[in-house]
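The sequence and the model are shown first.

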Amino acid sequence: MIPIRYVEPVFRLPSEAESLILPVTDGCSWNQCTFCEMYTAPQKKFRARDEAEVLDSIRATGERYGSDIRRVFLADGDALVLPTRRLLTVLEAIRTHLPAVRRISSYCLPRNLKKKSQQEIDELAAAGLSMVYVGAESGDDAVLAAVSKGETFDSTVDALNKLGAAGISRSVMILNGLGGRELSRQHAENSARLANATQPEYLATLVVSFPKGEQRLRAGFPGWEPLTQPELFAEMEVFLDGLELKRTVFRSDHASNWLILKGTLGADKERLLAQVRQAIAGEAKLRPAWARGL
C-alpha cells in the first residue's frame with residue numbers, strides 16, 4: 001500500500017496512468033469554472049498540504065518503492081499555486097528519495113504563474129518539473145468570461161510562453177462545444193489562435209459534458225445551448241483549419257470525443273481535416289449556417 005493520504009475523488013490524466021499521484025494540495029485554488037465538477041465535493045475544498053506531511057509521504061514511498069517509480073504527478077488541481085520555495089523542496093525530496101523518477105508533471109492554472117518570475121520557473125524546470133497540463137479550455141475571451149474561467153487569451157499565452165521558455169513541455173486542453181451554438185465559431189477560431197501563438201508540445205480536445213447537469217454553467221451563461229454531433233464536428237473543422245503549428249502532438253481521443261483523431265501538427269493537418277470532413281459529409285444539412293461555406 002502506498003503511504004500517501006488521498007482525499008477522494010482523485011483525478012489524473014490518462015497519460016499519467018503509470019505515475020505516482022502525489023498530492024501537494026487538495027482541490028483547486030480557483031474552483032469557479034462553471035463547466036468543471038472535479039473539485040466541488042466538500043472534502044475537496046482547497047488547501048495546501050502540510051509540507052511535513054508531503055515530505056514524509058515522499059520519504060516513506062521511497063523506502064518501499066524508490067527504485068520502481070519512474071513518474072510522479074503532483075496533485076490536485078493546481079500544484080503550481082504553491083510558493084516556488086515549497087515546490088523546490090518537494091522536487092528536491094523526489095530526487096533524493098525516488099531516484100528512478102524521470103518525469104514530474106502537474107496541472108497548471110495560468111493565473112498561478114502571474115506572480116512567478118521567469119527565473120523561478122527556470123528553477124522549477126532545473127529541479128525536475130518537466131511537463132504541465134494547462135486547461136486553457138478556450139482562446140476566446142467571451143467564452144472564458146461566460147464560464148468564469150478567470151483567465152483571458154493574454155493571460156494564458158503569457159503562462160504558456162513562460163513555461164516554454166523554461167523548457168517545460170506543455171500539454172494544452174481545449175473544450176469542444178464550450179461556447180455553445182452562439183459562440184462556437186469564435187471559440188474555435190480563437191482557440192486555434194491561442195495554440196498558434198504558443199506552439200505547445202501537446203494539444204488535446206475534449207467534448208464538454210455535465211454529468212451533474214447544466215445548471216451551474218447556465219447560471220452565468222444563460223444563452224448556452226449544446227452542440228449536436230454534426231455541429232461539434234463543424235467546430236472541430238474550423239479549429240483544425242485555423243491551426244498553424246510546427247511540431248505539436250495532437251490528440252482528440254478522450255472518451256468524450258465522438259471522432260478519434262491523432263497526429264502531429266502541422267504534418268498531419270490535411271489528413272486530420274479530411275477525417276473530420278468525411279465524418280460530416282453525410283450530414284451537411286445539419287451543420288450550422290456559418291459552417292456551410294467552409
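In which hand, left or right, does helix 8 pass helix 9? The crossing of helix 8 past helix 9 is left-handed. The model is a predicted one.

**Helix packing**

Two packed helices are described by the angle between their axes and the distance between the axes. For helix 8 (residues 229-242) and helix 9 (residues 269-280), the axes cross at roughly 160 degrees and come within 9 Å. Angles over 145 degrees count as roughly antiparallel, so helix 8 is roughly antiparallel to helix 9.

On the side of helix 8, the contact is made by Pro230, Phe233, Met236, Glu237, Leu240 and Asp241. Helix 9 contributes Lys269, Leu272, Leu273, Val276, Arg277, Ala279 and Ile280. By class, nine of the residues in this contact are nonpolar and four are charged, with no polar ones.

**Strand pairing**

Strand 8 pairs with strand 7 and also with strand 9. The table lists both pairings.

| Strands | Residues | Sense | Bridges |
|---|---|---|---|
| Strand 7 and strand 8 | 169-176 and 202-207 | parallel | six |
| Strand 8 and strand 9 | 202-207 and 248-252 | parallel | three |

Individual residues place the strands against each other. Ser171 stands opposite Tyr202 in strand 8, and Leu203 stands opposite Phe250 in strand 9.

Note on methods:
Residues are numbered from 1 along each chain as its sequence is written. This is a predicted model: local features need pLDDT of at least 70, side-chain atom pairs count only at pLDDT 80 or more; totals for chains, interfaces and linings use all residues. Side-chain values use heavy atoms; hydrogens and water are left out. Axes are lines fitted to C-alpha atoms, for helices over the stretch in contact, and angles run from 0 to 180 degrees between N-to-C directions. Helices (H or I, at least four residues) and strands (E, at least two) are DSSP runs, numbered from the N terminus. Angles under 35 degrees count as roughly parallel, over 145 as roughly antiparallel, 65 to 115 as roughly perpendicular and the rest as oblique. A crossing is left-handed if the near helix is turned anticlockwise from the far one by less than a right angle, and right-handed if clockwise. Contact means heavy atoms within 4.5 Å. Ala, Val, Leu, Ile, Met, Phe, Trp, Tyr, Cys and Pro count as nonpolar, Asp, Glu, Lys and Arg as charged, and the others, Gly among them, as polar. Two strands pair if DSSP finds at least two bridges between them.
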